[in-house]
Amino acid sequence: MHISNKCVSQLLESLVTQHIDNNNTIISEFENIKKTTLKKPEDTQEMIDLISFTTKATTETIPKLQKNISEAAKRLHFLLDHYIFTEEEIDLNRTTLNWPSKIAPIFEANDEIVAEAKKQGETHLGDRREKVMLDLTKLMVKVEEFNDCGDMDMMQQYVKDVMQVQKKINELTGEIEFINKEEELFQWEISNYCEIDQIAVALEPYQKLFTTVLKWQRTEKKWMDGAFLELDPEDVEGAVEEFWQEVYKITKTFAKGTKGKKTESKDKLTSTTRRTSTMNVKEDEGAQDAYSVCQRVQKSVKDFKANLPIVSIMCNPGLRSRHWNDMSECIGFDITPDSGTTLRKMLKNNLDPVLEEFEGISNAASKEFGLERAMQKMADEWESIFFNTTQYRDSGVSILASVEEIQTTLDDQIIKTQTMRGSPFIKPFEKEIRIWEDTLVLTQEIIDEWLKVQSCWLYLEPIFSSPDIMQQMPEEGRLFQIVDKNWRDTMKFVTNDPKVLRATSMPGMLEKMRDSNNLLDKIMKGLNNYLEKKRLYFARFFFLSNDEMLEILSETKDPSRVQPHLKKCFEGIANLDFTSDYDILAMMSSEKEKVELTKSISTSEARGAVEKWLLQVQNEMKTTVKEQTRLSWEAYPVDKRVDWVTKWPGQVVLAVSQIFWTMEV
């Protein structure tokens, strides 16, 4: 009984807690509705959002809350019979049940707030629409006033005025977008302010005109009164052509407008009042002002174009002191420009009578300048060309990698240099071009000799790394050490500074390479003589290449190194049977047939002379085969044939068998 009462009590407390939570949720939602509906909207969008919120609250939220309150009332009726509420809980229940009656005045207050906000918003929107129309009217008048802007000295101010109008157009465009949005929110008819586009179109030619004129005025002043030596003929000519094209287009635009206005003005004079005709004549005069600006600028550009030949001749970047001296001699006074010289001052010198002679001097300067730049370009090209090196085995020294690109560049530049030397305009740089040609030819010769040295060094370095070869060829070994030292010093220098022209500028490099090649020729000759002597002593060495012989001769302390080459010297011998002391006991064929020598051969007695003990192998091979044949012939009549065949070498068996077969025929 006690346990059941406890369960009932816990269940009742749970229901009360749930009831209180539901009441708090209901109250919270009502408070949110009250707070939102009584908040005054700051703008139209907030007002529209408030109306939407209120509509949803009255149609969806409030009915749902009333249903929740009804359920809460039923729960309260049940709980009052089984549970004693506290004073605070009683107030909570009272507040929950009273909210439906309290919400109606709140919605009434909301209606007043929305009505007031809508009234203010519509009034404000109307004011803004009127202001936009007024501003558009003012802008149209301002753009029309640009027709009267014909003072060439006021161009900077005109440009500022145009920028102000453009800025105002941008501001009004944003304002119109806002108004259209507001009109859409209020469900008004959307206003179409087509005047803004008309104003922008009307402003564009004036903006181009004033901007172009101001830019031309500043540019012309810079050219006429700026530093003469800083003028670039190509830039000036290109800019003048651009100005001419732009002014021509603008003039064409205003010419059409002027023609149209004149026709319109003429028609109106015949059909309207005196006052109207006066207004149209004034508009015509205004258009003439803008058109006259175009004509004046066009004339200014045309007049400056007449100076382009002088700019092209006198501002040639190839002109040097010698050319200015020639020009000064032609005109009769010093015309050499300095830091204070301007184009305006230069034009006052009356250059027309001598302009043809100046043009010849300037053309020659251009040719010379072209050759000078070509020389400089060739020199600059070498700044990015390097010798590529790579480590050679574990020798600690580098060798040259591919030099094809370097050789190709050298060939091309030598041909170009020789062609330039034949030019009639090379005289001012004749000394420099000769020095440059000598440098290129020297570099080419050095690389050619260098590659020869490298090729021989790579071939001989493994050979003379062998102490046996150094001992057998002391003179050639001494010469190779000289070459090796020169080679290592050269490659160390190149590795530290791999730029081609710097690397080949090493003092005495060509002579050092040529000396090395001469020494290498002597070494190769001595090496060939050495190998020839070995072949003459042991003729079977003629079956081996130089490299194979050198491999054998460089390892005389290890006679077994001869094994890979035995097949070439002795057709039937694949291997020799060595003892631990390198004495030879037997010879073996490729089929693993082993024949014991009649007498062992001591390789140590040859004291490193491979050809001596190989000659002994040759003689002992003959002796052994002969002795094996004799013994086999004696054993043939005695031994059974089956035993006899397996006892003796195959070559011997065949020979003896043929002997007895012949005897028995």
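Buried means under 20% relative accessible area, exposed means over 50%, and partly exposed lies in between, with a 1.4 Å probe and protein chains only. By this rule aspartate 303, at 39% relative accessibility, counts as partly exposed.

The structure is a predicted model, in which local features need pLDDT of at least 70 and side-chain atom pairs count only at pLDDT 80 or more, while totals for chains, interfaces and linings use all residues. Residues are numbered from 1 along each chain as its sequence is written, and side-chain values use heavy atoms, with hydrogens and water left out.

## Salt bridges

The structure holds 23 salt bridges, a salt bridge being a side-chain nitrogen of Lys or Arg within 4 Å of a carboxyl oxygen of Asp or Glu. Three of them are listed here, including the one formed by aspartate 303.

| Aspartate 303 | Lysine 299 | 3.0 Å |

Helices (H or I, at least four residues) and strands (E, at least two) are DSSP runs, numbered from the N terminus. Aspartate 303 and lysine 299 are 4 residues apart in helix H7 (residues 274–305), so about one helical turn separates them. Lysine 299 is exposed, with a relative accessible area of 52%.

Arginine 421 is partly exposed at 34% relative accessibility, whereas glutamate 437 is buried at 9%.

Glutamate 445 is partly exposed at 33% relative accessibility, and arginine 514 is partly exposed at 37%.

## Aromatic rings

A pair of aromatic rings is described by the distance of the centres and the angle of the planes. Rings of Phe, Tyr and Trp (its six-membered ring) pair if their centres lie within 6.5 Å; planes under 30 degrees apart count as stacked, over 60 as edge-to-face and the rest as tilted. The structure holds 17 aromatic pairs. One of them, tyrosine 206 with phenylalanine 254, is edge-to-face, at 5.3 Å centre to centre and 70 degrees between the planes. Tyrosine 206 lies in helix H5 (residues 195–225) and phenylalanine 254 in helix H6 (residues 233–271), so the pair ties together parts that are 48 residues apart in sequence. Both tyrosine 206 and phenylalanine 254 are buried.

Phenylalanine 464 and phenylalanine 480 form a stacked pair, because their ring centres are 5.1 Å apart and their planes are at 15 degrees. Phenylalanine 464 is in helix H13 (residues 430–464) and phenylalanine 480 in helix H15 (residues 474–496), so this pair ties together parts 16 residues apart in sequence. Phenylalanine 464 and phenylalanine 480 are buried.

## Paired strands

Two strands pair if DSSP finds at least two bridges between them. Strand S3 (residues 575–578) and strand S4 (residues 583–588) run antiparallel and are joined by 4 bridges. S4 also pairs with strand S5 (residues 594–602) in the antiparallel sense, over 5 bridges.
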